[in-house]
Amino acid sequence: MARGIIAAIRAQAADAHPHEACGLLLGRAGKVVQIRPCANVAPDPARHFEIDPAALIAAYRAQRAGAEQVLGYYHSHPTGDAMPSPTDAAMAARDGRIWAICGGETVSWWRDGANGFEVLFTREDEG
């Protein structure tokens, strides 16, 4: 993961508070090199997130044209932990994508695997 990714996710989460921040994790060869903040179009953005479909479509089109790949997604839990919620588990596609979840100062990283979320790592710093 490129330096500054965790700090950028935390900053966006703080800016979006009390709503959930959300966006895309972009990169190459499995390495996240940037985030792309997206509008949260969920009907209740304080409790749920839904990435703007237009932003997702644009990212996949750019990927096909040679831009960074969509490796996964990130969002925040403004009043919760950096753990997948029951809603996150229900929304998950089981497609192997990476999910980063920010709760407070912690950003946890998960793989959306065939058997549910598998923890990759948790960070409170860039180290």
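In the largest nonpolar core, which has 15 residues, the members that touch the most others are I5, I9, L25, A100, V107 and W109; a nonpolar core is here a set of buried Ala, Val, Leu, Ile, Met, Phe, Trp, Tyr and Cys residues joined through side-chain atoms within 4.5 Å, and buried denotes under 20% relative accessible area (1.4 Å probe, protein chains only). At least two residues of this core are supplied by each of α1 (5-16), β2 (31-38), β3 (69-76), β4 (98-103) and β5 (106-113), and α1 provides the largest share, four residues. A second, separate core of 14 residues has C22, A92, W99 and I101 among its members. The model is predicted, with local features requiring pLDDT of at least 70 and side-chain atom pairs pLDDT 80 or more, whereas totals for chains, interfaces and linings use all residues. Residues are numbered from 1 along each chain as its sequence is written, and side-chain values use heavy atoms, with hydrogens and water left out.

Helix α2 (residues 53-64) comprises 12 residues and spans 17 Å from its first C-alpha to its last, close to the 16 Å expected at 1.5 Å a residue. At its N-terminal end α2 is capped by D52, of which a side-chain oxygen lies 3.1 Å from the backbone nitrogen of A54, and α2 is followed by G66, with a positive phi near 110°.

H77, in the loop between β3 and α3 (86-91), counts as buried because its relative accessibility is 9%. A polar atom of the H77 side chain lies 2.7 Å from the backbone oxygen of D81. Leaving aside residues up to four places away in sequence, H77 touches (heavy atoms within 4.5 Å) E20, M83, S85, D88, I101, C102 and G103.

Key:
The expected span of a helix is 1.5 Å times one less than its number of residues. A polar contact is a pair of N or O atoms within 3.5 Å; within protein, one must be able to donate a hydrogen and the other to accept it, and residues adjacent in sequence count only if both atoms are side-chain atoms. Buried means under 20% relative accessible area, exposed over 50%, partly exposed in between (1.4 Å probe, protein chains only).
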